Each structure stands twice: as structure tokens, then as C-alpha cells.
Amino acid sequence: MRLVLLGPPGAGKGTQARMLESKLHAPQVASGDLLRAAVKNRTPLGVEARRYMDKGALVPDELVLKLIEERLNQPDAAGGFILDGFPRNVAQAETLARMLENRGEKLDRVVALIVPDAEIVKRISGRRTCRNCGAMYHLIYDPPRNVGVCNECHGELYQREDDAEETVRMRLKVYAESTRPLLEHYGRLGLLSEIDGMGATEEIERRILRALGVNDAAA
Ligand code: AP5
């Protein structure tokens, strides 16, 4: 399955991508995670990308495309992938289509998570992430057993720097201007499924699997 998850910041793309990996037998490929790893490792690309990420702006296409292409060339993505956070604008979508065409592949589906702005703010302000394994929590909806400590690996939980209120406002603006037009783009191509992103994460996962025609019990 070659799937794209679309949605505004905090819509639950990462949460759902991680849940779907085992059901769809495909790895999550998250452009934000790839960029944050480059920032953490202080690679030249990471140093450049950070200037944009800290402001909530999009990182230039050529930097992101390089990371995505390298990741999709890994053996575990040969049979399929779940793209999370990429593409982010129509130019990236068109480059992705060409990249896949050169490999004799194409997208199977694009799932857009629909979540109201008020909920986005609540989700982002409560998000905490493990520095060590990347596991995600929410202070109210999905709190860790011990404050500030990951259930999985006992790593330290932190709040992403770009989750500060002003940066989130900028990210929402960038989403509306650059990413939302992708709904129309993929709608025209007949690839889009719009999914209600409100409710329990397991229920949202079931909605996605139904839209993909995957039997939850058999997956
Ligand atoms: P990126 O990391 O992609 O961030 P984003 O798209 O803003 O999305 P988030 O990771 O904030 O949210 P999410 O939808 O994954 O939600 P999550 O599952 O975490 O990008 C960061 C930056 O990198 C960008 O601003 C840009 O600078 C750069 N970048 C990335 N890709 C790029 C690209 N292609 N081109 C250019 N630049 C790029 O959930 C959020 C919280 O809600 C969590 O706490 C979770 O536990 C909770 N939650 C999830 N589902 C539910 C639910 N159903 N009910 C209650 N709580 C829930």
C-alpha cells in the first residue's frame, strides 16, 4: 500500500501512521521526523532546515525531497509506505508522482484527516514526545504512566520547540495556504478519502482502514 496521510498540524497523522504500520505492512515515512533527526545530528541539511522549522515555515522543497527520496530507496519501503507530512504543497506532490513513476509505482490512496482548529490547539499544546524512541503522548488524552517519562523505554518526554503558540499559528497559516490545496489536487485525481479525525484513535484507525478497503480483523 502506498498511502499519503494529509492533515493540519496536530491532526493525528503521526499517531495514525504509527498505528497503521503493522496493519498495512508498510513503514511510516514522516518528513518532520526525518528533518528533526537531521537537525539533531547537526548535518548541513539539518542546520539549514532548522532556520525554517523554528519559524513554522516550510523547509525548501529541494532539501525535503532529498531526504524523502533517500528514505523511499530503503529496502523496507520497496513494497509500500505511509507518507506522513509529505507532500506539503502541489509542487512536492507533482515531484512525488514523477519519482514514483520512474520506479514503476503510483499512489494507492490519499487520506485527509479532518479536525477543527480548536481541537488542533488542544492536541498540540498537550503533546509530549519521547526524546529516545519518538513515542507520543498527550497530557490529557493519553498521559504517560509516570510524569515526563516514556512508558516504552523510560526516555525523557519533551515538548517540540515548534509547538510554541506563535509557531503553531504560523504552521496553521502555512497549512491553509500551501497544503490544503492538495485536497483539491488529489480529489481531482480520484485518490482522496476525507476522514473524520475526531474521536478515539482506534475508531479513526477503523475509519481509515474501511476507506482503504482493508479488513481490520484480517489485517
Ligand atoms: P511535522 O513534523 O510534519 O509536523 P505537522 O505536520 O505540523 O504535524 P504534527 O507532527 O504536529 O502533527 P500530527 O498530525 O502528526 O499529529 P500527532 O499524531 O502528533 O512538520 C514539522 C515541520 O517540519 C514543519 O512545520 C516544516 O517546517 C517541516 N516540514 C515537515 N515536512 C515538510 C515538507 N514536506 N516540506 C517542507 N517542510 C516540511 O498528534 C498530535 C497530538 O494529539 C499528540 O499528542 C497525540 O497523542 C494527540 N492525538 C492524536 N490523535 C488524537 C485523537 N484522536 N484524540 C485525541 N488526541 C489525539
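Which residue forms a salt bridge with Glu105? The partner is Arg103, and the closest N and O atoms of the pair are 3.1 Å apart. A salt bridge here is a side-chain nitrogen of Lys or Arg within 4 Å of a carboxyl oxygen of Asp or Glu.

Before I continue, a word on the basis. This is a predicted model, in which local features need pLDDT of at least 70 and side-chain atom pairs count only at pLDDT 80 or more, while totals for chains, interfaces and linings use all residues. Residues are numbered from 1 along each chain as its sequence is written, and side-chain values use heavy atoms, with hydrogens and water left out.

Returning to that pair, Glu105 is buried, with a relative accessible area of 15%, whereas Arg103 is partly exposed at 27%. Buried means under 20% relative accessible area, exposed over 50%, and partly exposed in between, with a 1.4 Å probe and protein chains only.

The whole structure holds 22 salt bridges. One of them joins Asp33 and Arg36, at 2.9 Å from N to O. These two are three residues apart in helix H2, so about one helical turn separates them. Helices (H or I, at least four residues) and strands (E, at least two) are DSSP runs, numbered from the N terminus. Asp33 counts as partly exposed because its relative accessibility is 36%, and Arg36 does so at 24%.

A further salt bridge links Asp163 to Arg171, at 2.8 Å from N to O. Asp163 is buried at 5% relative accessibility, and Arg171 is buried at 11%. Salt bridges with shared partners join Arg127, Arg160, Asp162, Asp163 and Arg171 into one network.

I turn now to the ligand. Of the 33 residues around the ligand, those that come nearest are Thr15, Ser31, Ala57, Arg127 and Arg171; a residue is near if one of its heavy atoms lies within 4 Å. By class, this shell has 14 nonpolar, eleven polar and eight charged residues. Nonpolar covers Ala, Val, Leu, Ile, Met, Phe, Trp, Tyr, Cys and Pro; charged covers Asp, Glu, Lys and Arg; the others, Gly among them, are polar. Helix H2 (31-40) is one of the elements that each supply at least two shell residues, and H2 gives the largest share, four residues.

Which ligand atom lies 3.0 Å from a polar side-chain atom of Arg88? It is an oxygen atom. An N or O atom in the side chain of Arg160 is 2.9 Å from an oxygen atom of the ligand.

Notes:
A polar contact is a pair of N or O atoms within 3.5 Å; within protein, one must be able to donate a hydrogen and the other to accept it, and residues adjacent in sequence count only if both atoms are side-chain atoms.
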